[in-house]
Amino acid sequence: MLPNPETKYRRFTTVSLPDRTWPSKQIEAAPIWLSTDLRDGNQSLIDPMDGEKKHRFFDLLLKSGFKQIEVGFPSASQTEFDFIRSLITGNLIPDDVTIQVLTQSREDLIRRTFESLQGAKQAIVHLYNATSPSFRRTVFNMEKADVVKLAVAGATLFAEEAAKQPNTKWTFEYSPETFSATEPDFAIEVCEAVLDVWQPTPDNPAILNLPATVEVAGPHVYADQIEYFCRKISRRDSVIVSVHPHNDRGTGVAAAELAVMAGADRVEGCLFGNGERTGNVDLVTLALNLYTQGIDPKLDFSDMRTVVRTVEHCNQLPVHPRHPYAGELVFTAFSGSHQDAIKKGFAAQEKRNDAYWDVPYLPIDPADVGCSYEAVIRVNSQSGKGGVAWVLEQDKGLQLPRRMQIDFSRKVQEISDRTGKEMTAAMIWQAFEESYCLADAQRFGLVDYEDAGRRAPGQDRLFVGRITVDGQERSISGKGNGLISGVLGALKADCGIELEVLDYHEHALRKGSDAQAAAYVECRTADGRTLFGVGIDGDVATASVKAVLSAANVASRE
């Protein structure tokens, strides 16, 4: 890289718009959406889609709610032409959906394009030619007048060809390609010349699409260009202003949002931002950005995993695991502080009196896009007690007391540090069973017990039980002021295990008459060690007995 890049790169000249109004605007409703996945997206693939993939993608777009779909460039290849014909002749286009096709301003291409649309109920035909100085000078060797003449010739032929098919409802679209790098007044001049040919009306408007074919400046500059254009273009009530942002500077989404604030009515883009170079603007992110602001995007991504799988199959490109709203890891926290905040946020959300979503680190409820809460928190060496506790609660229904969370998270972190790997839910449960001696073949195991209860006011409670000790069954008994203290007394008298209970918690694992219960004890040994035990049973009293035996197993092992 150059130490002085100004010697090679010129700063883009911005639009003079000191009275711009878009910064104070808010988006109040979804724009008109146009998916160009089957055209702009398809042309950018290493292996363009075949007929099967095109039809599968088209079906996905319909299910997602798109009402305008650019389906191809019919003059580019027979494959493109045949696909469009199959949609029309197969009656595969719903009455409320309009297909769109694209053509350059060349007579043979335009005639072939209209040929592909014979029999369509309604269609948008999209005309374009490049208008920026670089393209005029370097690519086409044209003057401004030549560019205008080319656009007018194409627009005129559009009108002639459409007149030959009066049973189709036609909408015309024109793009001054490379609009973002074109002098604003010249872009308006070309568009005005096209409108003079088409003579749009409020009942039959034309679409003027203003592409950021290449992002040449920040999204605020693009917004200025759009607002300037909307102010200056004539017949504004007969024009749908559309934008087609690319993502060369990584600000395609921002450019589209600011463009809508600046007056654009329509946005063209692709699912997950596929397209040439760095891609088109991402319609999934745009739509769900609106959704998180309480605005109906008029698109449905409630089954995001199916959307991702379909797009990956058709495009043969992966969706990045950190892709907004759609990636496998976008709702996942590994960091301990993040996990703790999310866990507390979910708990608070359940207690809130209003329905508004307010969970730290999660701008959208994962369930709204078909994602499970189990994937929200995943555990590795960076995780803390909240993350480990969340996984156990979601996977097993266990609600560990705070000090037990700390104890167990240390054990999990040791395993993760040692292995260098993420801890899955199954691995965490195995570690939990091993840590608190829940698996079979422990030193102490419960066979049966009797709880005689208090025989008279002020008398101790008698516990009589049968347990296994190192595989051998043994009867034990003990007294105390409650069931747990009776078990402790029996263990001390008959097994030589002396424990003092410091804390006790219990809860149901699930609702209903058949719910199991979990009990947790925090104990101190005779030599001052603190340890924990847990018991799970259909009876809460039995669960508490098992929790004490769990603690005894931990004490005898350590």
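Me: How much area do domain 2 and domain 3 bury between them?
Reply: Buried area here is the accessible area (1.4 Å probe) that two parts lose on being put together, summed over both. Of the area between domain 2 and domain 3, 70% is on carbon and sulfur atoms. The total is about 910 Å².

Me: On what basis are the values computed?
Reply: This is a predicted model, in which local features need pLDDT of at least 70 and side-chain atom pairs count only at pLDDT 80 or more, while totals for chains, interfaces and linings use all residues. Residues are numbered from 1 along each chain as its sequence is written, and side-chain values use heavy atoms, with hydrogens and water left out.

Me: Which three residues supply 48% of the area that domain 2 buries against domain 3?
Reply: The domain assignment, automatic or from a database, gives domain 2 as 336-433 and domain 3 as 444-557. In contact (heavy atoms within 4.5 Å) are 11 residues of domain 2 and 11 residues of domain 3. The three that supply 48%, more than any other three, are Pro401, Arg403 and Met404.

Me: Which residues does UniProt place in the feature "binding site"?
Reply: The UniProt entry is unreviewed; its positions follow the numbering used here, feature names are shortened, and annotations may be inferred rather than shown by experiment. The annotated residues are Asp40, His244, His246 and Asn280. They span 241 residues in sequence, yet no two of their C-alpha atoms are more than 10.8 Å apart, so they gather at one spot.

Me: Is His244 buried or exposed?
Reply: His244 lies in strand β7 (residues 239-245). Not counting residues up to four places away in sequence, its contacts include Asp40, Tyr222, Glu268 and Asn280. With a relative accessibility of 4%, His244 is buried.

Key. Helix = DSSP H or I, 4+ residues; strand = E, 2+ residues; numbered from the N terminus. Buried < 20%, exposed > 50% of the residue type's maximum accessible area, 1.4 Å probe, protein only.
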